[in-house]
Amino acid sequence: MTFNGFTNEDFEVFSIDGLDARMEALKSMVRPKLESLGEHFSPTLSSLCGVEMHYHVAKHARRTKNPPNDTWVSFANNRRGYKMLPHFQIGLWSTHVFVWFAVIYEAPHKAEIGKKFASNVQKIEKKIPNHFVWSKDHTKPDAIPMSGLSEDELLQLFQRLQDVKKAELLCGIHIPKAQAIKMSGKEFIEKVDDAFAHLIPLYKLS
């Protein structure tokens, strides 16, 4: 399936009430698009990372009551799962698309990754563009712009990854809904390609 871009209806899925109804809409409308992005970017990321990257589309299978507020496809060097590894994500909330490099709380080597990032902070500052954003929690839609972070504040994020048991760290881009729905599939893929190219140094360090 060719990816033809996201539509307003894809974002509206998150305003549907009830777990079953929202899941049905996610499965029929959004999941096929995430599958096609997974198929497209797995070879790209495998080549950039130098290891085989497998894609995993979120199934939200453990939910019994609360409908999901976001959904995604993840890419990791493991056929069976991604949460325990540094990985990449493309997904959406009702307000925006996110493209992340992510180290989330299940990753057992978070402290070592935090240490590595801290000792390479100046290199990271040079590699990550100002319009990129950072997040400390993958379950929340807000993020911190790179342009507003001092070197000390970046170091605090890296230190937190070492010290706090449930700490997470994500870096990437947000594409506001209004912009995303105007983009063709080709434009969207080019934008994500560019984001991944800038995020690969973080993956290599991790």
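Colleague: In what sense do strand E5 and E6 pair?

Modeller: The model is predicted, so local features need pLDDT of at least 70 and side-chain atom pairs count only at pLDDT 80 or more, while totals for chains, interfaces and linings use all residues. Residues are numbered from 1 along each chain as its sequence is written, and side-chain values use heavy atoms, with hydrogens and water left out. Strand E5 (residues 133-135) pairs with E6 in the antiparallel sense, over two bridges. Pairing requires that DSSP finds at least two bridges between two strands, so E5 and E6 qualify. The bridge partner of Trp134 in E6 is Ile144.

Colleague: What makes strand E1 and strand E6 stand at the edges?

Modeller: The open sheet has seven strands in the order E1-E2-E3-E4-E7-E5-E6, with antiparallel pairing. E1 (54-57) and E6 (144-145) each have a single partner strand, so one side of each lacks a neighbour in the sheet.

Colleague: Why are H3 and H5 called roughly antiparallel?

Modeller: The axes of helix H3 (residues 110-119) and helix H5 (residues 151-163) cross at roughly 160° and come within 7 Å. Angles over 145 degrees count as roughly antiparallel, and H3 and H5 are therefore described in that way.

Colleague: Which residues have the most contacts inside the largest nonpolar core?

Modeller: They are Leu37, Phe88, Trp134 and Phe188, in a core of 57 residues. Such a core is a set of buried (under 20% relative accessible area, 1.4 Å probe, protein chains only) Ala, Val, Leu, Ile, Met, Phe, Trp, Tyr and Cys residues joined through side-chain atoms within 4.5 Å.

Technical notes: Buried means under 20% relative accessible area, exposed over 50%, partly exposed in between (1.4 Å probe, protein chains only). Helices (H or I, at least four residues) and strands (E, at least two) are DSSP runs, numbered from the N terminus. Axes are lines fitted to C-alpha atoms, for helices over the stretch in contact, and angles run from 0 to 180 degrees between N-to-C directions. Angles under 35 degrees count as roughly parallel, over 145 as roughly antiparallel, 65 to 115 as roughly perpendicular and the rest as oblique.
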